[in-house]
Amino acid sequence: MKFAVSISMERFSPQDSMSDAVANMRALAKIADEGGFETLWTAEHHTIECTVSPNPFTVLTWLGQHTDRIRLGTATLVAPYWSPIRLAGEAALCDHLTGGRLEFGIARGAYQYEFDRMAGGIPQQEGVAFMKELVPAVQKLWAGDYAHDGHYWKFPLATSVPKPLQQPHPSIWVAARDPGTFDWAVGIGANILSTPLSSPPAEVGVLGEKFRKAVADHPERPRPRLMMQRRTCVYDRQEDWEVAVRHSVDYGRYFENLMQNIGTVTNGFPEAVPFEAVANRANYNPQAVRDNLMFGTPDEVIRKLQLYEDAGVDQYCLGLSFNLPFEMQVKTLRLFIDEVMPHFAAREQERAAVPRFAAAGY
C-alpha cells in the first residue's frame, strides 16, 4: 500500500491570512515530497474560502515548481464546470508544466451550494451524467482530432492543444461511492478514488467489495488502482485526540451547510450549521469520530491502516484539510513519514523477498 496526501488552502474567518494559507500549503507539499509520499491531491471548489482552489491545475503547476518527485493530482475536478476542449487542453498543459506528474481525478461534484452558482442550479446528482459524457470526450481530444455531438456539449472537429506529455495520457481517476460509478469507471479503464466519509470502519470493506465486483465484471481491463481517503491526524500524545476530533466535528458542520444548502455563506465563509440540522448525527459523536477516522498515535494508525490494506486499497490518502491547526498537520506528516510509512515499506520488502528465497530452495 502506498500513501498520498490531500491538501487545500483554507480560510475559516476573515482574520485568516491568505498569505499564510499559501505558505502553509507549500510547506506541507515540500514535507510530503521529501518524505516519500506517492501523490499530492488537491480539490476544485468555487466561492468558498474553506477550500481556496478555483483551478487545481494552477495550484498543481505552482506546487510542481516547489517539489521534485511527488505525483500531482486533481481530487477532484468537477465535471459540470468544464467543457471538454478546455479541460483537455488545461490538463495537458499542466502535465507538461509539472514534468509529466499529473494524475487526472474527476467527480460529479458534491456541494449543492456550488452547483447553484456554477452549474445553473442543477441537482448535484446530475453531475454523474456530465462526467460520463465529458471524460470519454477528453480522452478522444487527447488522442487527436475529434468532433462531439452529445447531450451536454457539441463542437466541430477539434483537438487538445497541447497533447499530454504522458502517453497516451495521464492516469484517470474517478471519484466513486455507488456501484454504478465503480462499474463505469473500471469499464473505461479508470482508477478509483473513494472515501468512507465519516462512516464506521466497516464501510471500508463495503467500498472494497464494490471495487472488487467492478474489477471482476470487467476482465477485459487490467486491474485499476483503488485510492481511499480519510481525515487523518497522527499525534504522539494520547490526549491530543480531543483536538483532532473537535476540529473534525466543526468542519463537518461547514460541510453539511454546503452539501445540504441549509446554512448561510457570508463573503465566502460558510456558517457551521447547528447539530440539530446535521445528517447522520451519530457520526458526530466524539468517540465515533475518534474510532472511525484515521486519528491516533502511530501504533494506533498502523492498526487502523491494516483494514484498508485488507480491503485492497492500493493508496491510502491522508485528508489533512479540515481546519486542523498547521502545526498539527506538520506533526501528522512527520510522524507518518518517520513511524508509519517505514512499517509498511518493511513489510513490502519482506513480501518481495519471499519468492527469491523460495527460488533458492529455502
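Some ground rules. The model is predicted, so local features need pLDDT of at least 70 and side-chain atom pairs count only at pLDDT 80 or more, while totals for chains, interfaces and linings use all residues. Residues are numbered from 1 along each chain as its sequence is written, and side-chain values use heavy atoms, with hydrogens and water left out.

Let's start with the whole chain. The protein chain has eleven helices and 14 strands. Helices (H or I, at least four residues) and strands (E, at least two) are DSSP runs, numbered from the N terminus. The radius of gyration is 20 Å, close to the 21 Å from the globule rule for 362 residues, so the chain is as compact as a globular protein of that length. That radius is taken over C-alpha atoms, and the rule is 2.2 Å times the number of residues to the power 0.38. Along the principal axes, the C-alpha atoms fill a box of roughly 65 × 60 × 40 Å. Of the 362 residues, 55% are buried. Buried means under 20% relative accessible area, exposed means over 50%, and partly exposed is in between (1.4 Å probe, protein chains only).

Now go to strand E5, residues 102-107. How many of its six residues are buried? Six of the six. Leu102, Phe104 and Ile106 point one way. Glu103, Gly105 and Ala107 point the other way.

Who are the partners of E5? Two strands pair if DSSP finds at least two bridges between them. Strand E3, residues 71-74, runs parallel to E5, with two bridges. There, leucine 72 stands opposite leucine 102. Strand E4, residues 77-78, also pairs with E5 in the parallel sense, over two bridges. Here valine 78 stands opposite alanine 107. From E4 the chain crosses through helix H3, residues 84-97, to E5, and this β-α-β crossover is right-handed. That means that, with the strands pointing away from the viewer, the path from the first strand over the helix to the second runs clockwise. Strand E8, residues 172-175, is joined to E5 by three bridges, again parallel. Glycine 105 has tryptophan 173 as its bridge partner in E8.

Next, the second largest pocket. A pocket is an open set of points on a 1 Å grid over the protein atoms alone, where a 1.4 Å probe fits, with protein on both sides within 12 Å along at least five of seven lines; lining residues have an atom within 4 Å of a point. The lining has 19 residues, and Glu10, Ala21, Asn24, Leu324 and Phe326 lie nearest the centre. Helix H1 (18-35) and helix H11 (326-359) each supply at least two lining residues. H1 gives the most, with five.

Last, the backbone. Where is the peptide bond from alanine 75 to threonine 76 cis? Threonine 76 sits in the loop between E3 and E4, and omega of that bond is near 5°. Valine 161 and proline 162 are also joined by a cis bond, with omega about 0°. Proline 162 lies in the loop between E7 (154-158) and E8.

Two residues other than glycine have positive phi. Threonine 47 has phi near 70° and is partly exposed, at 43% relative accessibility. Asparagine 267 has phi of about 55° and is exposed, at 68%. Asparagine 267 is in the loop between E11 (265-266) and E12 (269-270).
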